[in-house]
Amino acid sequence: MEKKLKVRFAPSPTGPFHIGGARSALFNWLLARKENGVMLLRIEDTDRDRSKPEWEANIKAALKWLGIDWDEGVDVGGPNGPYRQMERLDIYKKYTDKLLAEGKAYYCYCTPEELEAEREALTAQGKMPRYMGKCRNLTPEQRAAYEAEGRKPTIRFRVPENEDIVVHDEVRGDVHFDSNGIGDFVIVKSDGIPTYNYAVVIDDALMGVNCVIRAEEHLSNTPRQLLLYDALGFEKPTFGHISLILGPDHKKMSKRHGATSVDQYRQMGYLPDAIVNFLALLGWSPNSDQEIFSREELIQQFSLDHVAKNPAVFDIKKLNWLNAHYMRQLSDEDYVAFAVPFMKEAGYMTGEETGEKLEWLKKVILTARDQAEFGKEIPEKVALYFTDEFDFETPEAEAVLKEETVPQVMGLFLDKLAAAEGLDHAATKALFKAVQKETKLGGKKVFMPVRVALTGNQHGPELAEMIPLLGKERVASRIRGSLAKAGVNL
């Protein structure tokens with residue numbers, strides 16, 4: 001019987017959850033859900049200086065926000081715990097003792113200074129820096145002498161010589177490594193903590209992980225891990241190394257490209273569905289030109305066959321376009337609820353509003369629906385409703401008010417505005433129609449000066465939507481103020 005697929009996501013809690021980590025987690029999750037397999041979450045916290053409980057909490061919160069759930073691991077439990085590496089030290093020690101007893105590992109007493117000198121010497125000779133095996137065959141007397149000096153040993157794995165190590169990669173095909181270029185590597189540090197390459201092999205094997213999907217930067221670790229699988233007598237998983245995410249300048253994604261953590265995108269007002277859709281298309285191509293996918297469609301269509309070897313470029317314009325789409329899919333009620341935290345942050349709402357004021361605010365927020373691409377943009381797009389103080393955005397905008405037909409258009413518009421009984425969407429449209437009819441001017445000659453006089457800008461929300469929300473008095477006052485600023489007399 002074929003084994004059930006089991007994948008894992010195993011982050012280190014050393015900082016905010018990176019968007020690249022989220023993409024790795026997503027690819028694992030999509031494959032697990034497609035194959036009706038198991039998704040495992042393990043925390044790799046052996047970097048004791050940098051690992052913090054708050055970063056673990058940040059990772060888990062981000063995964064939950066994205067809708068990436070797991071079937072086994074931290075918080076949900078399972079038969080293969082514990083699921084934090086620092087809680088598994090006694091497990092690793094058992095395997096270390098076995099490797100030492102079999103002569104597959106040995107104690108190394110080299111100091112950091114000695115190792116650095118060796119690296120520099122090899123580099124100067126144009127050779128690949130690696131450990132040359134100084135402590136490989138120490139006698140008991142030599143070991144005793146080093147320990148008398150107070151040296152604390154690391155434990156190194158004895159790498160077999162002249163071996164062609166082949167990584168059968170689901171994304172990249174077969175990748176070959178020469179064991180002679182690796183050098184005996186440390187599996188347990190001098191403080192007794194296992195290194196990443198060592199702990200990950202034991203954990204994946206004991207937890208039954210049979211498919212490892214991770215970032216391309218781990219490909220160079222894989223030959224070391226394959227040697228350890230063999231030495232420990234474990235069954236090897238399949239591997240798939242997904243490409244790096246690059247910024248628009250084709251350099252590795254970093255803070256200089258803008259937000260890099262999932263939480264930053266959440267705080268800026270990106271929706272989880274948009275982030276998931278966007279990340280799925282970073283390095284994976286569907287069989288069609290389709291760009292907008294539900295989660296169900298992603299699960300059905302995802303496969304490692306269509307994951308690209310080439311780096312994926314993070315295109316913020318594409319993400320913004322997708323997010324704007326998902327924002328527009330929200331109901332009016334959900335859109336308003338989504339906007340409230342950003343409106344409060346901008347000082348446009350307290351969250352305590354009721355009655356007419358609340359109804360007005362809801363209508364104002366909904367005017368941003370066709371303009372804002374993420375939540376933090378909503379207050380920017382509706383700022384015009386909260387202050388009557390503004391400047392002309394460009395000299396071109398101010399020039400619109402100096403056209404010769406403007407005094408006639410504005411005079412007539414203000415007269416009709418004052419005479420209008422109600423001021424809703426239909427009444428505002430009728431008002432513009434009447435001005436056009438009497439002046440015999442084209443739409444642009446009527447609409448554009450009114451828009452510039454009301455906002456200082458040549459672009460913005462629909463006038464028939466904006467004017468009723470501003471109300472008669474504010475519209476008249478803004479128009480007169482802008483005309484005076486532009487030196488236009490009615």
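These legends accompany several close-up views of one predicted model.

**View 1. The three domains of the chain.** The protein is divided into domain 1 (87–242), domain 2 (331–380) and domain 3 (395–486). Between domain 2 and domain 3, the C-alpha centres lie 25 Å apart.

**View 2. Where domain 2 meets domain 3.** Here five residues of domain 2 are in contact with five residues of domain 3. The size of an interface is often given as the accessible area lost when the parts come together. For domain 2 and domain 3, the buried area is about 410 Å², and carbon and sulfur atoms give 67% of it. On the domain 2 side, look for Trp360, Thr367 and Gln371, which lose the most area to domain 3 and together account for 83% of what that side buries.

**View 3. Helix H16 packed with helix H18.** Two packed helices are described by the angle between their axes and the distance between the axes. For H16 (residues 406–419) and H18 (residues 443–455), the angle is about 75° and the axes are 10 Å apart. That makes H16 roughly perpendicular to H18. From H16, the residues at the contact are Val406, Val409, Met410 and Phe413. Their partners in H18 are Lys445, Val446, Pro449, Val450 and Ala453. By type, the contact of H16 with H18 has eight nonpolar residues, no polar ones and one charged.

**View 4. Two backbone details in loops.** Most residues other than glycine have a negative phi, and most peptide bonds are trans. This view shows a residue and a bond to compare with that background. Asn36, a residue other than glycine, has a positive phi near 55°. You can find Asn36 in the loop between helix H1 (19–34) and strand E2 (38–41). Next, a cis peptide bond joins Gly81 and Pro82, with omega about 0°. Pro82 itself sits in the loop between strand E3 (72–73) and helix H3 (89–101).

**View 5. The surroundings of Lys251.** The loop between strand E11 (245–246) and helix H8 (262–268) holds Lys251. Leaving aside residues up to four places away in sequence, Lys251 touches Leu246, Arg256 and His257.

Technical notes
Residues are numbered from 1 along each chain as its sequence is written. This is a predicted model: local features need pLDDT of at least 70, side-chain atom pairs count only at pLDDT 80 or more; totals for chains, interfaces and linings use all residues. Side-chain values use heavy atoms; hydrogens and water are left out. Axes are lines fitted to C-alpha atoms, for helices over the stretch in contact, and angles run from 0 to 180 degrees between N-to-C directions. Helices (H or I, at least four residues) and strands (E, at least two) are DSSP runs, numbered from the N terminus. Angles under 35 degrees count as roughly parallel, over 145 as roughly antiparallel, 65 to 115 as roughly perpendicular and the rest as oblique. Contact means heavy atoms within 4.5 Å. Ala, Val, Leu, Ile, Met, Phe, Trp, Tyr, Cys and Pro count as nonpolar, Asp, Glu, Lys and Arg as charged, and the others, Gly among them, as polar. Domain bounds come from an automatic or database domain assignment. Buried area is the accessible area (1.4 Å probe) that two parts lose on being put together, summed over both.
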